[in-house]
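Let's take a walk through this one, starting with an open space and then moving on to the place where two chains meet.

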Amino acid sequence: MIDTRPFRDSKYAKAIAQEIEQLSEGKNIRIVHVCGTHEDTITRHGLRSILPNNIKLVAGPGCPVCVCAAEDVDMAIELARMGHIITSFGDMIQVPSTSSSLVKERMRGADVRVVYGVNEAVEIAKANPEKDVIFIGAGFETTAPTMAVEILRGPPDNFSILTSLKVIPPAMEILVSLEGFNVDGFITPGHVSTIIGTNAFRPFAEKHRVPCVAAGFEPLDVLEAIRMILNQINDGRATSENEYTRVVKPEGNLVAQKMLRHAFYIDDAPWRGLGVIKKSGYYIRDEFARHDARERYDFSPIESIDILPGCRCHEVILGMIEPKECKLFGKRCTPEDPYGPCMVGHEGTCRIHHESGAL
Amino acid sequence: MAIIMCLAVPGRVEKIDGDFAEVDFGGVRKKVCVTLLPGLQVGEYVIVHTGYAIEKLDPEEAKKTLALFDEMARIQAEMDN
Ligand code: SF4
């Protein structure tokens, strides 16, 4: 087993924090990350408290469950009501949408099953040839290749995927174009970068002159990424760098990228709280249409409501407010009975802040 | 185990059989799909996400990063004295 403990060593953390303090002296710096697992590392290890006050670490749209549009969840609910077997990740089935959630449908008798990965959903399809089995496939570039593998491997005919797969760089483009959204550097997601490579963020970093650094998920990884961003700022550079060299390659995983291209095409996609973002979603190619739930089933048109009244998820997702600034936080909205999507997933900013007691 | 969708954890490859491998996560062995990593060898470390190995973990690179931290800690200690 690889020993990850040195990546949590407080002696190193102190040294990096000291350098961060020296490098950022006299400047107010706002660093945004776009990954729920980074937010988890940051909150769990109290990284905000060891950083100097002039550095603000903000959580951007980094939770696939939170940004999954209500219309996608509404489609999943409709499929469950048709009597098919619905499979998905544990977080996904709890996401509230316009009027229900998959968990609520299950309580009403729908066959909704939690799986750990899409391969388990394929196994369920093989074991139940008389039923239609649909996998609700939400995720970013990290998760999309796992679905590409199954589509290309040739799953049974009764299996299809309702994709809600998002591409991260276009969402970052939207963020920097928002009025009042200041950012001095991005910590880019380590496992998204694993697939698409740090090179994929270079055009973005250069175009907007914002330093980007891909980071791993130990506390020292995040601190070191901040230090690397500050170095870029002080040198007047803006490019895409790699802190997570033990895993991420500049070019990414080329085999995964090839499979993504074979299975999917990229088109506009709706993000909860952000609206439709151009060229930001993976969709299943026509030649695999029988495994594409969007093509296979007729959905009745319904008016999906992304953000329920009172919920401020869209502002949380954009890093505009802290979860505790929402009036419902910890009251009407708790992990046990989530009102908004950011309270659902283990990567949801509201959920993470609630669990860490950041009241 | 919590299903964190972008979470991926490292493990050691113990056995490979076609598209699948047995991976050891600190004592717990699991069957993992390795289609995304052709040419994988027994004894290598992989990062696993929702049952799929998405990349190898390079212990030499991990050491280099730690050596850098070590150097920083040494320099800071000298400055503190
Ligand atoms: S606390 Fe709940 S209602 Fe408020 S923004 Fe977060 S998810 Fe939405």
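A pocket here is an open set of grid points where a 1.4 Å probe fits, with protein on both sides within 12 Å along at least five of seven lines, and its volume is the space filled by probe spheres set on the points. Keep in mind that we're looking at a predicted model.

With that in hand, go to the second largest pocket, which holds about 480 Å³ of space. Its lining draws on 23 residues, and the ones nearest the centre are N119(A), E120(A), K31(B), V32(B) and G51(B). As for elements giving two or more residues to that lining, chain A supplies α7 and α8, while chain B supplies β2 (20–25) and β3 (28–33). The top contributor is α7(A), with five residues. Sorted by class, the lining has eleven nonpolar, seven charged and five polar residues.

Now for the contact between the chains. Chain A puts in 53 residues and chain B 43. Together they bury about 4200 Å², with carbon and sulfur atoms giving 67% of that area. On the polar side, ten residue pairs are in polar contact, counting pairs with both residues at pLDDT 80 or more. There are also two salt bridges between chain A and chain B; one of them joins D19(B) to R153(A), with the closest N and O atoms 3.0 Å apart.

Which elements build chain A's side? Those giving two or more residues include α1 (10–23), α7 (118–127), β5 (133–139), α8 (144–153) and α12 (219–235). Of chain A's elements, α1(A) gives the most, with eight residues. By class, this side has 25 nonpolar, 16 polar and twelve charged residues.

Key:
Residues numbered from 1 in each chain as written. Chains lettered and ligands numbered in written order. Predicted model: local features only at pLDDT ≥ 70, side-chain atom pairs only at ≥ 80, totals over all residues. Heavy atoms only, no water. Contact = heavy atoms within 4.5 Å. Buried area = accessible area lost by both parts, 1.4 Å probe. Salt bridge = Lys/Arg side-chain N within 4 Å of Asp/Glu carboxyl O. Polar contact = N/O pair within 3.5 Å; in protein donor to acceptor, adjacent residues only side chain to side chain. Helix = DSSP H or I, 4+ residues; strand = E, 2+ residues; numbered from the N terminus. Nonpolar A, V, L, I, M, F, W, Y, C, P; charged D, E, K, R; others polar. 1 Å grid on protein atoms, 1.4 Å probe; cavity = no way out; pocket = protein on both sides within 12 Å on 5 of 7 lines; lining within 4 Å.
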